[in-house]
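Please look through the model shown below before reading on.

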Amino acid sequence: MAAIRKIALLREEAFSELGEAGARPVVRAVAMVVIANPFAGRFVADLTDLIEAGAELAARVAPDLVRMLPGPAVSYGKGAIVGAAGEIEHAHALLHPKMGAPLRAAIGGGAALIPSAAKVGAVGSALDLPLGHKDDAWSRGHFDAITVSLGDAPRPREILVAMALCDGGRLLHRIGEGAPR
């Protein structure tokens, strides 16, 4: 397991936009996990340790995210900020090969790719964590993002990993649905 420095959980509940109430509140749940970067400061060809850590981190926090929602998760997203002593590939090793399976298992499936964002950043950097429908990549009402950060992370030799689940799309979406014609 990756060396975890901290886990922070965020629950956001949206009720209205510009004074107009939604049909129901939309809840977003985010887990931010700060881990030591085992490859900080050096090039390493084999990133297996981070690939495995991605699955372990998702398995650890996904149940918390599910419990934070009042109903089933319908959209999701993931992302990472690598501290300055690391490289962008460290984020992608965490996010892509194995993180999705435990996240999907926790919510009972998910046919669409999990949207993701990765970057190298300084302490306190913000991440615009993309969100999308778990089964329909063309559900325009679920194209969204939530901005997250921690004031003390990632330090240069750390990685901040974020995962999100939502019980709905944008509160008042009005741009139609389906693939472009």
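A salt bridge is counted here wherever a side-chain nitrogen of Lys or Arg lies within 4 Å of a carboxyl oxygen of Asp or Glu, and by this rule the count comes to 11 salt bridges. The model is a predicted one, in which local features need pLDDT of at least 70 and side-chain atom pairs count only at pLDDT 80 or more, while totals for chains, interfaces and linings use all residues. Residues are numbered from 1 along each chain as its sequence is written, and side-chain values use heavy atoms, with hydrogens and water left out.

One of these salt bridges joins the side chains of Arg24 and Asp167, at 3.3 Å from N to O. Since Arg24 lies in strand β2 and Asp167 in the segment after β7, the pair ties together parts that are 143 residues apart in sequence; strands (E, at least two residues) and helices (H or I, at least four) are DSSP runs, numbered from the N terminus. To describe how far a residue is covered, buried means under 20% relative accessible area, exposed means over 50%, and partly exposed lies in between, with a 1.4 Å probe and protein chains only. On this scale Arg24 counts as partly exposed at 40%, whereas Asp167 counts as buried at 8%.

Another salt bridge is formed by Arg155 and Asp152, whose closest N and O atoms are 3.9 Å apart. Arg155 is partly exposed, with a relative accessible area of 39%, and Asp152 is also partly exposed, at 24%.

What lies in the nonpolar interior? In soluble globular proteins, nonpolar side chains tend to be buried together. A nonpolar core is a set of buried Ala, Val, Leu, Ile, Met, Phe, Trp, Tyr and Cys residues joined through side-chain atoms within 4.5 Å. The largest such core has 35 residues, and those with the most contacts inside it are Ile35, Leu94, Ile159, Met163 and Leu165. The elements that give two or more residues to this core are β2 (20-36), α1 (48-68), β3 (75-82), α2 (88-95), α3 (100-107) and β7 (158-166), and α1 gives the most, with 8 residues.

Leaving aside its neighbours within four places in sequence, Leu165 is in contact with residues including Val27, Ala62, Leu65, Leu103 and Ile107.

Note on methods: Contact means heavy atoms within 4.5 Å.
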